[in-house]
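Subject: Model handover

Hello,

Here is the model we talked about, with the sequence alongside. Please open it first, then read my notes below.

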Amino acid sequence: MFCSTRNCMLMDELKFINAYDLYASGIWISRNQSPRKRRRTTTMSVETDVVPSQSGNRLYLGMDFGTSGARFALINKDGDVCAEGKREYPLYKSHEAIDWARSWKMTLFSLLEDVPNHYRHLVASISIDGTSATTLIVDSNTGQPLSKPLLYNESCPDALPLVKSIAPVNHTVCSASSTLCKLVSWWNSADSNKESATLLHQADWLLWFLHGKLGISDYNNALKVGYDPEIDSYPPWLLAQPYSQLLPYVKAPGTSIGNLKEDIRSQFGFPNDCIACTGTTDSIAAFLAARATLPGQAVTSLGSTLAIKLLSSNRIDDARFGVYSHRLDNMWLVGGASNTGGAVLRQIFTDDQLQELSKQIDPMKTSPLDYYPLTSIGERFPEADPQMAPRLHPRPESDVEYLHGILESIARIEGKAYRLLKDLGASEVEEVLTAGGGSKNEKWTKIRERVLGLPVSRANQTEAAYGAALLALKGAQS
């Protein structure tokens, strides 16, 4: 039995609404998959026409390359999402190790292929974000990696003493996982190819496939290799080193690099005037997605850990607490991360328990319990104490009271974190937007609002791909 055209359209709309509702609740599926595949397949998902684009209106594409997969978001000039999707990284092996460079490259082209055909001719600009301090040393002629990529969480302790000997005390690069430590470690171990090598970050390298101009980065990604965004230059102590010849040219995030290469335009159907724009790190792209624009606006991410980012008129850097500042145009994004957060809750309660117990909490009532919830020994921010032990006792008989005490204790740590940033010289927080899984807990939001004494709300957008799309929009407009 065939349905009428209108009935088919209504059925299609219902399928889309159901799929989008699942996405909003944390389950993202493709509308083109069978029910069985929906349960099992997570390699690729695409949603289109979240907000239909008017014919002829230009669109802006952002791509986020995170730790376990990549996403794209296609927006119009008003910031409405017209299409979005995600891909898991295919895992290729090379010499018994995962070939991350090949995996990222394949995912980039897969995401471009996932952009709906009927939108591609409208795309005006593209930008990409990547994980901070993920580093590639590539051949400056071919762009091919000269060694395996060093990931964001990889450390090079062999290079740390040398880096500390040349950098200012407590500088951001004085961490074994910094980009500069990775560069120095490669430089000291490489036997050849030093004269024809270039350092790129993950986002830089992926953007190069689109524009073809090797050796361009942005000042957010370049921070951990030693770039000073305040003076818009690499500092003299870094330029004096022999490996400074590998450093990329730095532009502001969301700056036009140039038109897409002809082969990319023809392969994917992008217009001749489509440009590639410099990107940023994944965490900054997620902050941009929240649309905080004024000093005093902050975003708290309640994921496995508690991370805060505050827009400030002043730059704050203090390695004792892991606090450092990224430049955002004429302001500074001051950030720090605590080891407390949702991972502690997952150790004690199931998701169902968290949901049911939270319903019974009175968020206007102060909990007398004083905890410091950690999953293991050690805290970094707002207290720098590597020996701090978790404090989750005494445990009351009531699980409702216990959960209330933990949620309120994490809120107190959040409040202490914002006070520390103020004490260090940052702008005073005036409003907090929330991202991460914890943002869905309305009772916790009310508790935090009471403890912080500030308006607290859930950010409308938190996907880094959306933030990258905003950078693409910025680049096209400028």
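In what order do the six strands of the open sheet lie? The order is E16-E17-E15-E14-E18-E19, and the pairing is mixed. Please keep in mind that this is a predicted model.

The sheet comes first. Its edge strands are E16 (324-328) and E19 (456-458), each of which pairs on one side only. On average, neighbouring strands are turned by 25 degrees against each other, direction ignored.

Strand E18 (residues 431-435) runs parallel to E19, and three bridges join the two. In one of these pairings, Val432 has Val456 in E19 as its bridge partner.

Two helices go with this sheet. Helix H13 (residues 399-423) packs on it and touches E14 (297-302), E15 (306-312), E17 (331-338) and E18. The direction of H13 makes about 30 degrees with that of E15. Helix H14 (residues 442-452) lies across E14, E18 and E19. H14 runs at about 150 degrees to E19.

Now a helix pair. The axes of H10 (residues 282-289) and H15 (residues 464-477) come within 7 Å and cross at roughly 80 degrees. The two helices are therefore roughly perpendicular to each other.

Which residues meet there? From H10 they are Asp282, Ala285, Ala286, Leu288 and Ala289. From H15 they are Ala464, Tyr466, Gly467, Ala468, Leu470 and Leu471. By class, the residues of this contact divide into nine nonpolar, one polar and one charged.

Best wishes

How values were computed:
Residues are numbered from 1 along each chain as its sequence is written. This is a predicted model: local features need pLDDT of at least 70, side-chain atom pairs count only at pLDDT 80 or more; totals for chains, interfaces and linings use all residues. Side-chain values use heavy atoms; hydrogens and water are left out. Axes are lines fitted to C-alpha atoms, for helices over the stretch in contact, and angles run from 0 to 180 degrees between N-to-C directions. Helices (H or I, at least four residues) and strands (E, at least two) are DSSP runs, numbered from the N terminus. Angles under 35 degrees count as roughly parallel, over 145 as roughly antiparallel, 65 to 115 as roughly perpendicular and the rest as oblique. Contact means heavy atoms within 4.5 Å. Ala, Val, Leu, Ile, Met, Phe, Trp, Tyr, Cys and Pro count as nonpolar, Asp, Glu, Lys and Arg as charged, and the others, Gly among them, as polar. Two strands pair if DSSP finds at least two bridges between them.
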